[in-house]
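Hello,

I am passing a structure on to you, and below it you will find my notes.

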Amino acid sequence: RLRIGLVMNGTSGAAPTPEVKAATESAAKLAQSLGHSVEPTAWPMDAAFIQDFLLLWAAGAVELADRVAKMTGKPAEESLEPFSLGLVNLARSAPADALPKAMARLQADADAYGPWFDKNRFDVVMSPVLNAPPPPLGFVGPSAPYDTLVERLIAYVGYTPYHNVAGAPAMSVPLHWTEAGLPVGTMFAARPGQEGLLFQLAYQLEAARPWAQKVPPIHA
């Protein structure tokens, strides 16, 4: 029997869509029916986290642009998509001390991960994987303007970055399906090194709410 923390909003504070919220609540009820306790909680960092993560991401885009330019002998603008170039511009236009400060705050956020579990005596933390069901093609595609795409991505994928920063294991479990037959995942995360615990929980959840038979009409 596990003690599970339930986080509903993303790291930016954005709430999920009603269907994803209902799917996550349903997953929480399923966990409770299996004997686990579920307690609402909140991320152990503030809303600045996602902007710091975005700047770190942008720094990676600069490294990519430099490598591409070196390999091709041409400006990166001729090879990279607008979103990548927008990240490059974000990093290069930031103050010189912006990235070191962001990195220091991200390290502090990573350091808070384990104590967050300890303070609340959590074995696992659950949340949505994404804040909405699968969107139409192109919604987060390269044809969208950079500013629009950044806003959409911060909301849409705002649950997963913290585990990247903390180096913590997490899994997406498809416990809900839309009327169109598309999966909506629930994320379960644990302390670093606790992959085995997550696998045990995954097997239990799949036995209680199987998904192997969920095959779309068109599939590979």
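In which sense do S4 and S5 pair, and over how many bridges? They pair in the antiparallel sense, over seven bridges. Here two strands count as paired if DSSP finds at least two bridges between them, and helices (H or I, at least four residues) and strands (E, at least two) are DSSP runs numbered from the N terminus.

Before going further, please note that this is a predicted model, in which local features need pLDDT of at least 70 and side-chain atom pairs count only at pLDDT 80 or more, while totals for chains, interfaces and linings use all residues. Residues are numbered from 1 along each chain as its sequence is written, and side-chain values use heavy atoms, with hydrogens and water left out.

Back to the strands. In the hairpin of S4 and S5, five residues lie between the strands, and Gly 181 takes a positive phi near 85°. Ala 170 stands opposite Ala 189 in S5. S5 also runs antiparallel to S3, joined by four bridges, and Met 126 stands opposite Phe 188 in S5. Six of the seven residues of S5 are buried, so S5 is largely enclosed by the rest of the structure. Buried means under 20% relative accessible area, exposed over 50%, and partly exposed in between (1.4 Å probe, protein chains only).

The whole sheet is open and has five strands in the order S2-S1-S3-S5-S4, with mixed pairing. S2 and S4 stand at the edges with a single partner strand each, so one side of each has no neighbour in the sheet.

Now to helix H1 (residues 18-33). The buried residues of H1 are Val 20, Ala 23, Thr 24, Ala 27, Ala 28, Leu 30 and Ala 31. They cover an arc of only 160° around the axis, which puts them on the same side of H1; the arc is that of the directions from the helix axis to the C-beta atoms. On the other side of H1, Pro 18, Lys 29 and Ser 33 are exposed. Just after H1, Gly 35 has a positive phi of about 100°.

Lastly, helix H5 (residues 146-156) has Leu 149, Val 150, Leu 153, Ile 154 and Tyr 156 buried.

Best wishes
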